[in-house]
Amino acid sequence: MKLAILALAASANAFTSPSSAARPAATSLKAATATLPATVKPGVVTGDALMDLLAYAKERGFAIPAVNAVSSCGINACLEAAAKYGGPMIVQFSRGGGQFLAGKYLVKEFPDEASVAGCVAGALQVRELAKFYKVPVILHTDHCMRDWLPWFDGLLEANEDYFAKNGEPLFSSHMLDLSEDTIEDNIATCVEYLERMSKVDLLLEMELGITGGEEDGVDNSDVDSSKLYTQPEEVWQVYEALSKVPNGKFTVAAAFGNVHGVYSPGNVQLDPQILHNTQAFISEKLGGDDKKPVYFVFHGGSGSSREDIQYAIEAGTIKMNIDTDTQWSFWDGIRAYELKNRDYLQAQIGNPDGDDKPNKKYYDPRMCLRSAEEATVKRLGAAMEDLKCVNVL
Ligand SMILES: [Zn+2]
């Protein structure tokens, strides 16, 4: 079965987009009865099990949060949220996140190698732990632009090694973001990589149009606004080309006004109607019964309104990226901990209970980091509610 997944870049804004007034009513409810496929087991899911999980999400009408992790605490917060709220989880690493996991000391000398090693270390950590949380987890890497292909190549080598030993790839999927190229160059390179990835059962997420804003050192805040909205014809070009790759599993991040980051209301014009129009366009081209042939991914999910998110899910969005909101929750947990315990955090010895009282149990780094984890788990619970990803296992 050929399965296409389109990643839709959507915006970050906690207010209603103007397009919402004209939206049609919610689509079919038959999906609510769908049950989790037997192939989807606790632990990291890849290959056919991954496709079954994404198909289940689309059929049942929910999307899976994809969270950028930069530390073991970030990873554990993802796994804890998945276990606590009863949904699958996507743990993803950016190039910079992989570098941070490897240690900033290594970055200058080995920018790509360090990121590969950091991502692999993070992936192995997830693989070791996920089964204990009893939830399915998708392992993914985030935006890779053309200049960063050595990082991507290194990740593919790690997957190929892992596949040779274990019969499945280390990761579930990777993202290639060549949206700044012409569409022809973008598609040609994606086809080339998908041919290689398909041999080891990896899924490719590609991007069409540009996600605005700034993230992880890539600044698209000045980009021409027409690039922020993908045309259905462009998605069709991608769908046609990538569907021809044997065993090709892919998703497309098609921009619909999405922006990385969280901004004041009024700065972002999200148009998830583009996703609905695209499904209709491609469904007609294919001529079959499938009204939503495309799997969409929503970038720049942080700060988006529940209404926009759920309208995008109705159009077949099965993955939404969250980074900025969990960056905030992580920090906010530390901030709240420091505020509550400030008088016990000013010296190793001496606090309001006495000049000779030790403060060790307050400045143990596990204390503030646990507070960060707890705040992030709570924020992810709210995201999972928005995504209808609660109690779906
Ligand atoms: Zn993104």
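Modeller: Before we start, a helix here is a DSSP run of H or I with at least four residues, and a strand is an E run of at least two. Keep in mind that this is a predicted model. By that count, the protein comes to 12 helices and 16 strands.

Biologist: Why are α6 and α7 called roughly parallel?

Modeller: Angles under 35 degrees count as roughly parallel. The axes of α6 (residues 183-198) and α7 (residues 232-243) cross at roughly 30 degrees, so the pair gets that name. Those axes come within 10 Å, and the crossing of α6 past α7 is right-handed.

Biologist: Which residues meet there?

Modeller: From α6 you have I183, I187, C190, V191 and L194; from α7, E234, Q237, V238, A241 and L242. An α-helix has 3.6 residues a turn, so residues three or four places apart point the same way.

Biologist: How do you know that helix α3 is mostly covered?

Modeller: A residue is buried if 20 or more other C-beta atoms lie within 10 Å of its own. In α3 (residues 95-102), 8 of 8 residues are buried: R95, G96, G97, G98, Q99, F100, L101 and A102. Their cover includes strands β4 (64-68) and β5 (89-93), along with helices α4 and α5 (149-166). Just after α3 comes G103, with a positive phi of about 115 degrees.

Biologist: What about the largest nonpolar core, and which residues touch the most other members?

Modeller: That core has 103 residues, and the ones touching the most other members are A63, C78, M89, V91, V137, L204 and F296. Helix α4 (residues 111-133) gives the largest share, 8 residues. In soluble globular proteins, nonpolar side chains tend to be buried together.

Biologist: And how do you know what V137 touches?

Modeller: Contact takes C-beta atoms within 7 Å. Leaving out residues up to four places away in sequence, V137 touches G43, V44, A82, P88, M89, V91, V126 and A130.

Technical notes
Residues numbered from 1 in each chain as written. Predicted model: local features only at pLDDT ≥ 70, side-chain atom pairs only at ≥ 80, totals over all residues. Core = buried A, V, L, I, M, F, W, Y, C linked by C-beta atoms within 7 Å. Buried ≥ 20, exposed ≤ 12 C-beta atoms within 10 Å, placed from the backbone. Contact = placed C-beta atoms within 7 Å. Axes fitted to C-alpha atoms, helices over the stretch in contact; angles between N-to-C directions. Parallel < 35°, antiparallel > 145°, perpendicular 65-115°, else oblique. Left-handed = near helix turned anticlockwise from the far one by under 90°.
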